[in-house]
Structures are given as structure tokens and as C-alpha cells.
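Hi everyone, thanks for coming.

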Amino acid sequence: MKKSSALVILSGGQDSTTCLFWAKEWFDEVHAVTFNYGQRHKLELLAAEKVAAMAGVVSHEIVNFPDILRSTSPLTAKGAELETYVDHEEMEKVIGDRVELTFVPMRNSLFFVVAMNRAVALGVNHLVTGICQEDNANYPDCTEVFRSAFETMANTSLGTLDDERKYTLYAPLMNLSKPETVRLARNLPGCWDALAYTHTNYDGTYPPVSKDHANVLRAWGFERAGFPDPLVMRAHQEGLMPLPTTSNYDSVRNG
């Protein structure tokens, strides 16, 4: 039985899009909110609009607060170089246990606070986020510890901690590997088609050919899951990039 309504924090990327269609399966009514925080990859905003329309959400708001967040992250700092890697194996060795260079301090905290405000205004008791602690990006605000702490803080702030009106923050991908996330998306009605219009490149370009952390991780996930990436297939069909040489595209090459 589906649960009333939910507000999905939708970036326009692979994970949040998967969560949007997950929410469509679990909730009767789905809303979405997207944040324009001055990010380098602004194509995400257009992707979010496209995906939200494809999902048929009840409402979709883009909240604008560019230049609010300051950091050395290449996502927000002008002139900061975006680290790239040859492949997933090299990426894991380079990043190791450090916090990824693209981490923007307090970004998710800010997003979640504003999203919770919108949830209250909409009369929605469930938030959905695409954060995941299995991505090996070492983002402190993408962990179960953070999710649980925020949920407690928000309900304490709203006076609903021990109330039947308690707000819940769902993170469906929290303990899934990227290949598992791909398989989940494959089984969610409408999600696979929507993935063709998502945006992952941190450098803000299309097609997805750069070797930044997000792109390398996404490519590895589809390779290990054994499926061609709908976004790559779209770019290839538009004549913008060759097919990758990995085995998950063999069936396409062989007709």
C-alpha cells in the first residue's frame, strides 16, 4: 500500500532520478525540489526539469541561491581544477580515504533544511534523497549517520520527534553499490528512459566523455551491471560520441 506523499530532492543526476521513480512506486503523490547553488554543472538544472516532467510530478520547484556556498571545490570555486582519472581502479587508489575534492561543505545540510521547509509548506511528511555511502567519494554528508542525525534534528526543530506527524527522510540508495543502483533503475517503470536525460559531468558538458569522479563512477556502475547507459546511447545516437569499448555495449555493437 502506498504512503500519501513525498518530496524528492532532485539534482537531475542519475541517483536522484532513480530515487524520483522509486518514490513514484511508493507514494501516491510526488513533488520535487531542485537547487541552483551556482554549481559548475548547471546542465543538471535542465536535466531536473526534463526528468520531473517525464515523471509527472505534482510540482517541481527550482530554488535559487547562487554564490551562497563557498568552498575550494571545483564545483563552486572558479578556477579550481577538476581532478580526473584514467579508470575506476585508479580513482579508488587516488581518492583512498580522503574526502573527495568536489565536496562542498554544508551543501546537503542546506539543501535538506530548505527541502524540509518546503515539505512542511506542501503538507508532505516524507523527504527522499539520493545520497549514498557506497560511492567511495567519501562525502561526510552522504552517510547514514548524517541522514539519521538530520532527521532527528529536523523533527526536534519542528516539535514532531515523538509525534505521529514525524517527518521521515528516505535514502533508498544508501547501502547500494553503483551497479545495484543501475539494476534498481532498470526495474522502475519509466526510470530507464529518464536516465537518458540525466546529467553527470561535473564539468558541465554534454556528451559524458570527461573522466571526473562522477562520470567514471557512473560508467563503472553500468559496466558492472551489464547494461549500456541510456545517456551514452542517446549521445551516441546523436553522433556526439563513440560507443565505449566495455563489454556492456557489445550487444549494441553486434546489432
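First, some housekeeping. What you see is a predicted model, where local features need pLDDT of at least 70 and side-chain atom pairs count only at pLDDT 80 or more, while totals for chains, interfaces and linings use all residues. Residues are numbered from 1 along each chain as its sequence is written, and side-chain values use heavy atoms, with hydrogens and water left out.

So, the overall picture. The protein chain has 10 helices and 5 strands; these are DSSP runs, H or I of at least four residues for helices and E of at least two for strands, numbered from the N terminus. Of its 255 residues, 51% count as buried. Buried means under 20% relative accessible area, exposed means over 50%, and partly exposed is in between, with a 1.4 Å probe and protein chains only. Now for contacts, meaning heavy atoms within 4.5 Å. Among the contacts in the chain with a separation of 6 or more, 72% are between residues 24 or more positions apart.

Let's move to helix α1. Its 13 residues reach 19 Å from the first C-alpha to the last, close to the 18 Å expected at 1.5 Å a residue. That expected span is 1.5 Å times one less than the number of residues. How many residues of α1 are buried? The count is 10 of the 13, so α1 is largely enclosed by the rest of the structure. Among the buried ones are Q14, D15, L20, F21 and W22.

A polar atom of the T17 side chain lies 2.8 Å from the backbone oxygen of G13. That is a polar contact: a pair of N or O atoms within 3.5 Å, where within protein one must be able to donate a hydrogen and the other to accept it, and residues adjacent in sequence count only if both atoms are side-chain atoms. Leaving out residues up to four places away in sequence, T17 touches L10, G12, V51, C191, A194, L195 and T198.

The axes of α1 and α2 are 11 Å apart, and the two helices pack at an angle of about 20°. That makes α1 roughly parallel to α2. Axes here are lines fitted to C-alpha atoms, for helices over the stretch in contact, and angles run from 0 to 180 degrees between N-to-C directions. Angles under 35 degrees count as roughly parallel, over 145 as roughly antiparallel, 65 to 115 as roughly perpendicular and the rest as oblique. On the α1 side, T17, L20, F21 and K24 meet V51, A52, M54 and A55 of α2.

Next, another helix pair. The axes of α6 (residues 178-186) and α8 (residues 213-225) come within 7 Å and cross at roughly 70°. That makes α6 roughly perpendicular to α8. Here K178, P179, V182 and R183 of α6 meet L217, W220, G221, F222, R224 and A225 of α8. In the loop between α7 and α8 you can find P207, and a cis peptide bond joins Y206 to P207, with omega about 10°.

Now helix α4. In the loop between α3 and α4 lies M106, a residue other than glycine with a positive phi, near 70°. M106 counts as exposed, at 53% relative accessibility. After α4 comes G123, whose phi is also positive, near 75°.

Finally, a contrast. Beyond its neighbours within four places, A32 is in contact with L7, V8, L10, V57, S59, H60 and E61.
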